Amino acid sequence: MANLMGDKKASFLRLVEERALSKEEKKKLQDALVPYIPKDCISNILLRLPLESLQRSRFVCKPWYTIINSLKFIDDHLERSESVLIFISSIKEENLYPFSMGPIAVEKPNTFSVEAKLLQSESVPVLVQPNINPTLKYYIKFLEINNGRSKIGEYSVSCTGHIRAACNGLILLENKLKKGGLIVINPVTRKLISLPLGTLCPADKESYGFAFCAVTGEYKVVHLFQDELRYIGCEILNLGTRVWRAVNGPSFGLLRWLGCLPVLAIGALHWVPNIDSSDYLVSIEVDKERFHTIPLPKSSRYHDRIVEMRGFLSFFTHEEENQIGVWILKGLGELWTKQLSIKTGCILDMVPLYSLRIKGDMIFKRDEDGSFYAYDFQLQVMRKIEMEKERLKMSGMYHPHVNSLISWSSRERSQDVFY
């Protein structure tokens, strides 16, 4: 009995001692038990996490949240991120459930709907929100290529519009809730914003460019459109102000075809003016917003393309003897320089798509069968990519992209919200 009373007394004394400890003493005791890891080390570890793990890690603790939301971390993460191809895939084609009323597409659970979020942000009452047919919706996906293999990644994000352009992890989407409208969204952070209406024009008579201006730190949307007399007009919107401004377009007759996606490189957006036999590029400086022409080193043909590579503008042209010539332009006002010739054997329809930002390989796609190839500039070897699926169910075009945490406003970058 005496031993029992002694144990209770000892337990009571320990409880009193624990309560007597101040909050500061408890914190010191906890800090002594947990090893200190420098902030830079934690940041370097977080930078190497896969995209899915990084999204969850920001909610582990307040210090990690602060690190991941910092401008330095966001910029460092962008520099380390590899290029991918972003595209949309029809929900109807991917996930069909046969019912008595016919096949109906059903979205996957926990899918983030761009249109639903947009209506919510614009405070549209639930009862008056339009009923969007899921058979007309798409998943936003990306294709990454690594070590000779491809892998399809998903954001669990759905939309109804096609992708019109991409820049630094931000994509420009059609806004099907408003004819002629546009949406800018980062599919990783799921932060989005709707843009006001610009000049309305048929899709085959217009082209959009999306660019970051390093001088002002702003993102700009460039809209080219063709009228009935075949004059090309131009308007530009700064995402910070969200106001369209009219800009002098290219001279009449210079740009005859708007079906080619513009390429952002060396501080300008560049268009190939014709589907075949073009001797020059039509370019607009992102900073000064002035159009001019850049002569090509050789007249371009059907499978030739311009591509951004290592920050420079590159021109891939199919030559005789089954070779592809690679030309580089390092700055506006400079001359093209021939880098090398790539031997393709008997394959003639190799179309360059984009360059891997980290490894540097150039990714090609064959017109005949849709297969992908990677050219290693160091080893000077062309290898076929092993596809995850036999056929990519893409809808519309695919765009070079990079998964990032970037926002369109430097003031808001540290306030991004993950949904």
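1. Which residues of the largest nonpolar core touch the most other members? In this predicted model, they are Ile140, Leu172, Leu173, Val184, Phe210 and Leu239, out of 48 residues in that core. Do look as well at the second core, which is separate and has 17 residues, among them Ala211, Leu258, Leu269 and Val286.

2. Beyond its neighbours within four places in sequence, Ile140 is in contact with Ile86, Phe87, Ile88, Tyr155, Val157, Cys159, Ile171 and Leu173.

3. Next, the sheet. E11, E12, E13 and E14 form an open, antiparallel sheet in that order. Its edges are E11 (206-213) and E14 (243-247), each of which pairs on one side only. From one strand to the next, the twist averages 25°.

4. Within that sheet, E11 and E12 (residues 218-226) run antiparallel and are joined by eight bridges.

5. On aromatics, the structure has seven pairs. Tyrosine 231 and phenylalanine 252 have ring centres 4.6 Å apart and planes at 40°, so this pair counts as tilted. Tyrosine 231 sits in the loop between E12 and E13 (232-238), and phenylalanine 252 in the loop between E14 and E15 (263-265), so the pair ties together parts 21 residues apart in sequence. Tyrosine 231 is partly exposed, at 45% relative accessible area, while phenylalanine 252 counts as exposed, at 53%.

6. Phe210, Phe212 and Tyr219 are linked into a cluster by ring pairs. Lysine 108 lies over the face of tyrosine 139, 5.1 Å from the ring centre.

Key. Residues are numbered from 1 along each chain as its sequence is written. This is a predicted model: local features need pLDDT of at least 70, side-chain atom pairs count only at pLDDT 80 or more; totals for chains, interfaces and linings use all residues. Side-chain values use heavy atoms; hydrogens and water are left out. A nonpolar core is a set of buried Ala, Val, Leu, Ile, Met, Phe, Trp, Tyr and Cys residues joined through side-chain atoms within 4.5 Å. Buried means under 20% relative accessible area, exposed over 50%, partly exposed in between (1.4 Å probe, protein chains only). Contact means heavy atoms within 4.5 Å. Two strands pair if DSSP finds at least two bridges between them. Helices (H or I, at least four residues) and strands (E, at least two) are DSSP runs, numbered from the N terminus. Axes are lines fitted to C-alpha atoms, for helices over the stretch in contact, and angles run from 0 to 180 degrees between N-to-C directions. Rings of Phe, Tyr and Trp (its six-membered ring) pair if their centres lie within 6.5 Å; planes under 30 degrees apart count as stacked, over 60 as edge-to-face and the rest as tilted. A charge sits over a ring if NZ of Lys or CZ of Arg is within 6 Å of the ring centre and within 35 degrees of the ring normal.
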